[in-house]
Amino acid sequence: MKILLNGVGRIGKAVLKQLVSNKDFEIVIINEINPYIENIVYSINYDSTYGKYEDRFKIVENNYIQNSTSKIKITNFDFLDKIDLTNIDIIIDSSGKKEDINLLKNLPVKAIFLTHPNNKADINIILGVNEKELNPNIHKIISTSSCNATALLPALKLINDKKEILCGDILTVHPLLNHQRVLDGSFVKSDTREVNCNFEFGRSSTQNIIPNKTTTIKACSFVLPNINQNLISSSSLRVPTDTVGAINVTLFTKEKSTKNEIIELFEEYEKNQNFPIVLNNFEPLVSSDFKKEKFTTIIDHRYTEVINNMIKLLIWYDNEWGYASKVVEILNYYKNIKKG
């Protein structure tokens, strides 16, 4: 399948690096609004978070980049409908830009994968939750949800199926992001993240823990409508780390549980899962130990607690590389069911 990758920001680069070695897919075009091809190559080859990319790209011919496995054309269009999509099967839109859904549906490709939640997409997919609902014959615009929801919802579904959640609360502890300020400055506006005017994001992201709202539960509701903001409240703290987030989860359930029962529930899931989703941790680890981890619902059972009807969990996830790995796995899943 031939792919156009739209946007090589943090998620786009992680998707690119995990796809170039996959023989079932070929990235033939990268569309990026950054007009400097030298800077695009530089940012792919050198990364402060994940280190140097060993199979480095270089510029060849006019507007092409190449490494040992791939030769990719670079374009710089503002809108996807301006691009020549001849021979493109799939678009992965990792730009974060909220494109018009009708425009996307009219593009001459088989499928478009959005790396953000979108309730107007044909389907929002989280592995371990609803991938069996994916139907390539009717689903053209496919959202791969968000990093937070991808980490959280498999755990919520597992507990809700067994114990029935009555209510709860989550707190996401999220690494800083590019739209925040390094030092104190003016308020932040970000169209791609639906941030209109945020004073707190105008404060130094390297010097502060910054409280904020989160759309995590809203994103979950696009996948499972019964897991919504009327059931679970949510908030977020932005912290001065580069990658790997954590979610502190408090749930009240209809049925009582024991700590061992909850641990066994997740251990049984880990043994029988079809994708690398749940990983049970008992070691004394910290956030950087989960960097580049492809498991995205990492339950830290050192902090699993149960008191009568209350269940407490701590979930780790790599919000960049780990989330991007799920985008790639959903793409593989799509390819396999389309072939089947």
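Trainee: Between which two strands does the loop lie in which E61 is found?

Mentor: E61 is found in the loop that joins β3 (58-60) to β4 (64-66), where strands (E, at least two residues) and helices (H or I, at least four) are DSSP runs numbered from the N terminus. Before going further, please keep in mind that this is a predicted model, in which local features need pLDDT of at least 70 and side-chain atom pairs count only at pLDDT 80 or more, whereas totals for chains, interfaces and linings use all residues. Residues are numbered from 1 along each chain as its sequence is written, and side-chain values use heavy atoms, with hydrogens and water left out.

As background, most residues other than glycine have a negative phi. With a relative accessible area of 57%, E61 is exposed, while N63, at 43%, is partly exposed; here buried means under 20% relative accessible area, exposed over 50%, and partly exposed in between (1.4 Å probe, protein chains only).

If neighbours within four places in sequence are left aside, H139 is in contact (heavy atoms within 4.5 Å) with D122, I123, E133 and L134.

L224 is a further buried loop residue, with a relative accessible area of 15%, and it is found between α5 and β14 (232-239). Beyond its neighbours within four places in sequence, L224 is in contact with V129, L153 and K157; K157 lies 67 residues away along the chain, yet the two C-alpha atoms are separated by 8.6 Å. In strand β14 itself we find V239, which is buried at 14% relative accessible area. Not counting residues up to four places away in sequence, V239 touches V173, H174, P175, L176, N208 and I209.

Turning to the helices, α4 (147-163) packs against α5 (residues 216-223) at an angle of about 65°, with their axes 9 Å apart. That makes α4 roughly perpendicular to α5, and the crossing is right-handed. The contact is made by N148, A149, L152 and L153 of α4 together with T216, I217, A219, C220 and V223 of α5. For these terms, axes are lines fitted to C-alpha atoms, for helices over the stretch in contact, and angles run from 0 to 180 degrees between N-to-C directions; angles under 35 degrees count as roughly parallel, over 145 as roughly antiparallel, 65 to 115 as roughly perpendicular and the rest as oblique. A crossing is right-handed if the near helix is turned clockwise from the far one by less than a right angle, and left-handed if anticlockwise.

α4 also packs against α6, at an angle of about 120° and with the axes 11 Å apart, and the two helices are therefore oblique to each other. This crossing, too, is right-handed, and in it A155, L158, I159, K162 and K163 of α4 meet E261, L265, F266 and Y269 of α6.

Within α6, the residues I262, I263, L265, F266 and Y269 are buried. Seen down the axis of the helix, the buried residues fall within an arc of 155°, so they line one face of α6, the arc being that of the directions from the helix axis to the C-beta atoms. The face turned away from this buried side carries the exposed residues N260, E264, K271 and N272, whereas the elements covering the buried residues include α4, β16 (278-281), β17 (297-300), β18 (305-307) and β19 (310-317).
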